[in-house]
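Welcome! Take a look at the structure, then read on.

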Amino acid sequence: IIKRSLSTSTSRNAISNITVIGGGLMGSGIAQVAAATGLNVTLVEVNADLLKKAEERIADSLGRVAKKQYKDDKSAAAKFVDETRSRIKGNTNPEDAVKDSDLVVEAIVEKLEVKHDLFKKLDKAAPEKTIFASNTSSLSIGDIASVTNRKDRFGGLHFFNPVPVMKLLEVIRTSETSQDTYTAMMEWGKSIGKVCITCKDTPGFVVNRLLVPYLAEAIRMMERGDASARDIDTAMKLGAGHPMGPLELADYVGHDTNLHILEGWHKKFPDNPLFVPCESERKLVQEGKLGVKTGEGYYKYNK
Ligand code: NAI
């Protein structure tokens, strides 16, 4: 028992420097949350401009968090924002950024080849101890890890948007992820304030495996003319107690994202009818109607 608890606390203490690769929607949120809990974060983007944009996004979001957390205490709020920002260092060289890293969280584009290129480089540049994790929504963690020589120190850390607000973290364990790596990822997730659940390396993990086919089923129901978009949404809100209906939610997630996930799964698992992409969604994407972010999807929005 003593040995076990010792090894747990060692692994927790071990993660103090983290590297987040990709400073987009998710990466900037992950960097922010980690820095706000006292970790040293290196944030990697492809160029200085994008790095600056990520830093601005983090500053905005931190401002909102501080306002809520330190309501009437302006100087405490400013201190929190400054201290958190000072723990995040930008870098445009991924190899240099992992030299001292205990944990790397990758949040770059959802393309296997691009992730492979990155992890091949990182695997050579990072120290032996460094744990690698991907924030992928729909790719297999095992497939991403396959190009590295550290499959035992590789897992999934799947966050939700917006990262500072959403409490859940899915911790994904492949058949090759070691117990120590898994424990370190779980401990780290808890230490940054997330509620962690564990999942095997199965398509979409828990949330997206259930949610993406559900949204597609709702779209198919509308396509067949069984019910209107409005009525399907009203039904699920008032009948199932969901805060948003499925068509509204699909508009919110973005049809480019939904379609990309379904197309990837359909290619890999052609026999699963739940993974068949929807025609009306394909049309929306072709027309650039990606949902809330472009002002139109199944519904129209004021931008
Ligand atoms: P995003 O497009 O907002 O950000 C990706 C960023 O990565 C871009 O700023 C891009 O410049 C940068 N990037 C691309 N290649 C790079 C490289 N080689 N090195 C460094 N930076 C690079 O995308 P988003 O939404 O943040 O998604 C990132 C990952 O997170 C994807 O794997 C996605 O599946 C996953 N994810 C997305 C969620 C969402 O709601 N958007 C939720 C959970 C996971």
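## Two helices at an angle

Axes here are lines fitted to C-alpha atoms, for helices over the stretch in contact, and angles run from 0 to 180 degrees between N-to-C directions. Helices (H or I, at least four residues) and strands (E, at least two) are DSSP runs, numbered from the N terminus.

The crossing of helix 2 and helix 3 is right-handed; that word applies if the near helix is turned clockwise from the far one by less than a right angle, and left-handed if anticlockwise.

## What you are looking at

This is a predicted model, in which local features need pLDDT of at least 70, side-chain atom pairs count only at pLDDT 80 or more, and totals for chains, interfaces and linings use all residues. Residues are numbered from 1 along each chain as its sequence is written.

The protein chain is assigned domain 1 (2-200) and domain 2 (209-294), with bounds that come from an automatic or database domain assignment. Taken over C-alpha atoms, the centres of domain 1 and domain 2 are 29 Å apart.

## Around the ligand

Which residues are closest to the ligand? They are G22, G24, M26, S137 and N161, from a shell of 25 residues. Helix 2 (25-36) and helix 6 (112-125) each give at least two residues to the shell, and helix 2 has the largest share, with 3 residues.

By type, the shell holds 14 nonpolar, 9 polar and 2 charged residues. Ala, Val, Leu, Ile, Met, Phe, Trp, Tyr, Cys and Pro count as nonpolar, Asp, Glu, Lys and Arg as charged, and the others, Gly among them, as polar.

N161 has another feature to look for: the peptide bond from N161 to P162 is cis, with omega near -5°. P162 sits in the loop between strand 6 (154-158) and strand 7 (168-173).

## Notes from the record

UniProt, in an unreviewed entry, places a "binding site" feature at S61, K68 and S137. These residues are spread over 77 residues of sequence and also in space, up to 29.3 Å between C-alpha atoms. K68 is in helix 3. UniProt annotations may be inferred rather than shown by experiment; feature names are shortened and positions use the numbering given here.

## Toward the end of the chain

Helix 9 (residues 207-223) and helix 11 (residues 246-253) have axes that come within 9 Å and cross at roughly 120°. Helix 9 is therefore oblique to helix 11, and their crossing is left-handed.

In the loop between strand 8 (195-200) and helix 9 you will find F205. Its phi is near 55°, a positive value in a residue other than glycine.

Terms used: A residue is near a molecule or strand if its C-beta atom, placed from the backbone, lies within 6 Å of it. Angles under 35 degrees count as roughly parallel, over 145 as roughly antiparallel, 65 to 115 as roughly perpendicular and the rest as oblique.
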